[in-house]
Amino acid sequence: MRFPLRDQLELPCVFERLVPGEQHADGRRYLPLLLLRPTGSTALLPAEMLLGVVDRHHKVDAAAVGRRGVARLIFALSTLCVQTPPLRQGLAPEANWCAGVSTNPTALGRVVAVSAWEVTRGQLPYEALYAELTLDIGLGVIGTRTSLTANDLEATIGKARVEPGDAVALSQSRIDILGFEASDE
C-alpha cells in the first residue's frame, strides 16, 4: 500500500504478540493479528489496551515480537468528523470493549497534514469525498485514507475542509500497517 505521507507515520509501541491466522481447509491461512502496545501516556488510552492490527499485506516480520519500535499505521475507510470541545487526543476503545485488545478504536487528534481532499459530485445526487491526511494522536502520528458519501459532506464532517491544526475523530476504521521498525533499545 502506498501512502504519500508515509514518512510522517510513527506510533511508538511494543510488538507484544502475533496471533497467527487459523488454517483454511484448503491449506491457506487467515491473516495474522499483530498486538501492539502503544508506549505513550495512559492518559491517552487505557493502560491495559492493546491495539489489534491485521497484517493484510504481510509487512511485519514475526521475529520482531517482543521488541520496541515504531509502527506505521493507516486508519482506512474511517468515518471522519471534526471534534467538538472538549478536544482530545489518543485512542478510545470501541463501545463494547473490555480490557484487552481493541481492533476498532476511535482515534482522536489534530490534523498534521492533508495530502488529498477531493470532493466530487457526479451523476449521483450526493457528494463524495476522498481524503488522505496525517493525525497527531498524542501517542504518535497515524495516517488516514477514507472515502465518504453524503447529501451534505460539510454537515457530516463538521466543516467544508479540514486543515492542519483541526481536531478530528476517526471511527469505524480498518487499520492497516505499512511496517514495523524495531529499535535497538
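Phe15 is buried, at 0% relative accessibility; here buried means under 20% relative accessible area and exposed over 50%, with partly exposed in between (1.4 Å probe, protein chains only). Phe180 counts as buried too, at 11%. This is a predicted model, so to speak of local features takes a pLDDT of at least 70 and side-chain atom pairs count only at pLDDT 80 or more, while totals for chains, interfaces and linings use all residues. Residues are numbered from 1 along each chain as its sequence is written, and side-chain values use heavy atoms, with hydrogens and water left out.

Back to the two rings. The count of aromatic pairs comes to one, taking rings of Phe, Tyr and Trp (its six-membered ring) as paired if their centres lie within 6.5 Å, with planes under 30 degrees apart called stacked, over 60 edge-to-face and the rest tilted. The ring centres of Phe15 and Phe180 are 5.7 Å apart and the planes sit at 65°, so this pair is edge-to-face. Phe15 belongs to strand β1 (residues 11-19) and Phe180 to strand β12, so the pair ties together parts that are 165 residues apart in sequence. Strands (E, at least two residues) are DSSP runs, numbered from the N terminus.

Now for the nonpolar cores, meaning sets of buried Ala, Val, Leu, Ile, Met, Phe, Trp, Tyr and Cys residues joined through side-chain atoms within 4.5 Å. The largest has 37 residues, and Leu36, Leu73, Leu91 and Ile177 have the most contacts inside it. Strand β9 (residues 127-136) gives the most to this core, with four residues. Apart from it lies another core, of seven residues, including Phe3, Leu5, Ala76 and Ala113. In soluble globular proteins, nonpolar side chains tend to be buried together. Leaving out residues up to four places away in sequence, Leu73 touches Leu9, Leu11, Leu36, Leu51, Val53, Ile142, Gly143, Ile175, Asp176 and Ile177, where contact means heavy atoms within 4.5 Å.

Arg72 is found in strand β4 (residues 68-76) and is buried, at 11% relative accessibility. A polar atom of the Arg72 side chain lies 3.4 Å from the backbone oxygen of Arg6. With neighbours within four places in sequence set aside, the contacts of Arg72 include Asp7, Leu9, Asp176 and Glu181.

On to strand pairing, which requires that DSSP finds at least two bridges between two strands. Strand β8 (residues 106-120) pairs with β6 in the antiparallel sense over three bridges, and Ala92 stands opposite Thr106 in β8. β8 also pairs with β11, again antiparallel, over four bridges; there Leu108 stands opposite Ala169. With β9, the antiparallel pairing of β8 runs over nine bridges, and Leu133 in β9 is the bridge partner of Val114. β8 and β9 form a hairpin with six residues between them.

Most residues other than glycine have a negative phi, and most peptide bonds are trans. His58, not a glycine, has a positive phi of about 50°; His58 lies in the loop between β3 (50-54) and β4 and is exposed, with a relative accessible area of 57%. Gln172 has a positive phi near 55°. Gln172 is found in the loop between β11 (167-171) and β12 (174-182), and counts as exposed at 57% relative accessibility. A cis peptide bond joins Pro85 and Pro86, with omega about 5°, and Pro86 lies in the loop between β5 (79-82) and β6 (90-92).

Notes:
Polar contact = N/O pair within 3.5 Å; in protein donor to acceptor, adjacent residues only side chain to side chain.
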